[in-house]
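Here is a short briefing to read alongside the model.

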Amino acid sequence: MQNTRTHQQNKQTTTGYSRVHTITVAAPPHITSYQLTLSSDEDAVAPPQHSERKWAYMFFIAGCKPEEPGTCMGMLYNAMIAGRIFRRSNTTADVVAVVEMHYQTKHDALPDDQVQMLTASGVKILYLEKPSESSNFMETTLRKFDVLLFDQYSRVLFLDADVMPFCSMDYLFELSDPDPATITAQQQPVLRENLVLGWKIEPANAGFFMLRPSKKFHAELKAIIKRRFDEAATMTGKLQFNRTHGWGHVFEGGDDVWRSLYKVEFREGRSNTEWNWHGEICDQGLLYYWVKYHRKDVSIALGNEIEHWVDRDGRAVLDHRDRDILKQYTCSGTIMNRLRDRSINGASPYADFHHFTGQSKPWLKGEMNETSIQRFASPDTITHSVDLWWHELYQAQQELNFTIGYGVMKRHAAYGAFATTKQLKMSTAKHKHKHENKNNHENPGADAQG
């Protein structure tokens with residue numbers, strides 16, 4: 001399945017940054033859609049040395065089942081909307097929908113009309129290998145890190161399929177992956193190679209983060225996941241998760257605590273020294289461990305403050321903090337200024353996107369039809385992010401001439417809406433069973449000899 005649409009190569013004007021030389025952004029070459037098969041750990045290779053910078057915004061859309069189009073239609077619409085917004089704001093990065101088909105579907109790809117809708121909006125499609133067995137929400141959140149496999153890119157900005165951008169955020173790529181000609185050997189990029197955002201009561205929002213891809217890194221991360229499930233398989237009780245060392249690190253206090261936007265740090269009471277926040281057993285715990293304590297190379301945004309963590313003698317160390325270094329890049333415009341729910345704190349990049357978490361997803365809210373959507377035809381009616389989403393969908397329908405699936409899209413994704421401790425127990429049992437069968441297959445006489 002090839003994307004045959006001709007893409008206009010855009011150039012962004014030269015922009016100055018505070019900690020590096022002036023940078024000129026040139027559009028990297030675009031690639032077409034292709035089928036991807038996940039690599040095994042044995043196939044891992046060293047991280048590529050990129051001779052050119054190449055970036056991508058990636059949306060992970062899992063559980064697509066054309067027989068039941070509602071399983072991912074709302075997410076596909078959101079990726080299409082994002083593609084249109086990024087293209088209008090002259091991004092130099094690819095916009096990619098990473099699609100994983102449902103394990104029960106007979107289809108290996110999206111229907112042609114959905115492919116055309118996406119590609120006409122500047123969105124490329126990459127497919128992950130179809131799962132061979134059932135899954136759940138928790139397991140699906142861990143598969144979002146398969147974006148590490150796409151090492152044709154020097155940086156990938158991952159966005160959950162319910163995140164809507166307001167404009168290009170190429171400045172994050174530029175500040176992390178600047179043109180080598182613009183900095184000296186003594187200078188460091190403004191941002192580290194990985195970027196995460198502290199959220200309301202979580203130290204890392206796994207719905208929006210930037211990583212440096214590498215198949216080697218992917219193999220290392222898969223080994224971390226295996227280690228976590230191996231440990232869980234030895235634990236009893238309702239929660240098969242150790243809150244002291246979590247995914248593999250014991251907080252020491254001082255600078256080594258986790259921080260979030262709204263949670264007060266009670267360091268003496270060790271409140272911020274336990275792996276205890278929303279999503280700690282799945283993606284939001286793994287992400288925080290991966291970038292901060294495994295890679296030891298990350299910029300962590302906390303409102304208008306950014307912490308920069310580096311590796312010193314094998315330890316994650318806070319190098320320095322910056323304030324307001326991204327303020328100059330905030331999206332602007334009449335519509336942006338009217339949005340009453342634009343950001344949870346007003347700082348960039350928080351102010352440059354909206355995350356429709358939980359039941360706030362536009363396709364789950366209210367009753368929309370061909371008549372009622374017309375009230376969003378004019379941008380003058382936009383006061384909230386959900387209004388902007390429906391406006392963008394209406395405009396896309398008018399321009400691309402497709403039929404909006406109002407009735408079928410009003411449902412949650414195929415694997416549910418949130419992770420639970422019950423899912424952890426089920427996934428742990430499945431992991432244990434799978435590895436016991438593997439060991440028995442590799443050593444068929446082990447039990448008889450014992």
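This is a predicted model: local features need pLDDT of at least 70, side-chain atom pairs count only at pLDDT 80 or more; totals for chains, interfaces and linings use all residues.

Residues are numbered from 1 along each chain as its sequence is written, and side-chain values use heavy atoms, with hydrogens and water left out.

**Overall picture**

- The protein has 10 helices and 14 strands; these are DSSP runs numbered from the N terminus, with helices being H or I of at least four residues and strands E of at least two.
- Of the 450 residues in the protein, 54% are buried.
- Among contacts with a separation of 6 or more, 74% come from residues 24 or more positions apart, where contact means heavy atoms within 4.5 Å.
- The exposed surface comes to about 19700 Å², with carbon and sulfur atoms supplying 48% of it; accessible areas come from the Shrake-Rupley method with a 1.4 Å probe, and for residues only the protein chains shown count as cover.

- The buried residues of α6 are D283, Q284, G285, L286, L287, Y288, Y289, W290, V291, K292 and Y293.
- C282 also counts as buried, at 3% relative accessibility.
- Just after α6, K296 takes a positive phi of about 55°.

- Strand β4 (residues 55–64) is mostly covered, with 10 of its 10 residues buried.
- β4 and strand β5 (residues 94–101) run parallel and are joined by eight bridges; two strands pair if DSSP finds at least two bridges between them.
- Within that pairing, M58 has V96 in β5 as its bridge partner.
- β4 also pairs with β7 in the parallel sense, over six bridges, and F59 stands opposite L159 in β7.
- Strand β7 (residues 155–160) in turn runs antiparallel to β10, joined by four bridges; here L159 has F208 in β10 as its bridge partner.
- Strand β9 (residues 195–197) is antiparallel to β10 too, with two bridges, and V196 is partnered with F209 in β10.
- Both faces of β10 (residues 208–211) are covered: F208 and M210 are buried on one side, F209 and L211 on the other.

**Disulfides**

- A search of the whole structure finds two disulfides, each defined as a pair of cysteine sulfur atoms within 2.5 Å.
- C64 is joined to C72, with an S to S distance of 2.5 Å, and this link is right-handed, with 130° about the S-S bond.
- C64 is buried at a relative accessible area of 1%, and C72 is buried at 4%.
- C167 and C331 form a disulfide with their sulfur atoms 1.7 Å apart; the torsion about its S-S bond is about -70°, so this disulfide is left-handed.
- C167 lies in the loop between β8 (163–165) and α4 (170–176), and C331 in the loop between β13 (315–323) and α7 (334–338), so the pair ties together parts that are 164 residues apart in sequence.
- Both C167 and C331 are buried.
- Counting bonded cysteines along the chain, the disulfides follow the pattern 1-2, 3-4.

**Helices α1 and α8**

- The axes of α1 (residues 73–88) and α8 (residues 385–400) come within 10 Å and cross at roughly 85°; axes are lines fitted to C-alpha atoms, for helices over the stretch in contact, and angles run from 0 to 180 degrees between N-to-C directions.
- α1 and α8 are therefore roughly perpendicular to each other, on a scale where under 35 degrees counts as roughly parallel, over 145 as roughly antiparallel, 65 to 115 as roughly perpendicular and the rest as oblique.
- On the α1 side, the residues that meet α8 include Y77, I81 and R84; among their counterparts in α8 are W389, L393 and A396.

- N369 lies in the loop between β14 (353–355) and α8, and is partly exposed, with a relative accessible area of 38%.
- N369 and I404 are 35 residues apart along the chain, and their C-alpha atoms are separated by 8.6 Å.

How values were computed
Buried means under 20% relative accessible area, exposed over 50%, partly exposed in between (1.4 Å probe, protein chains only).
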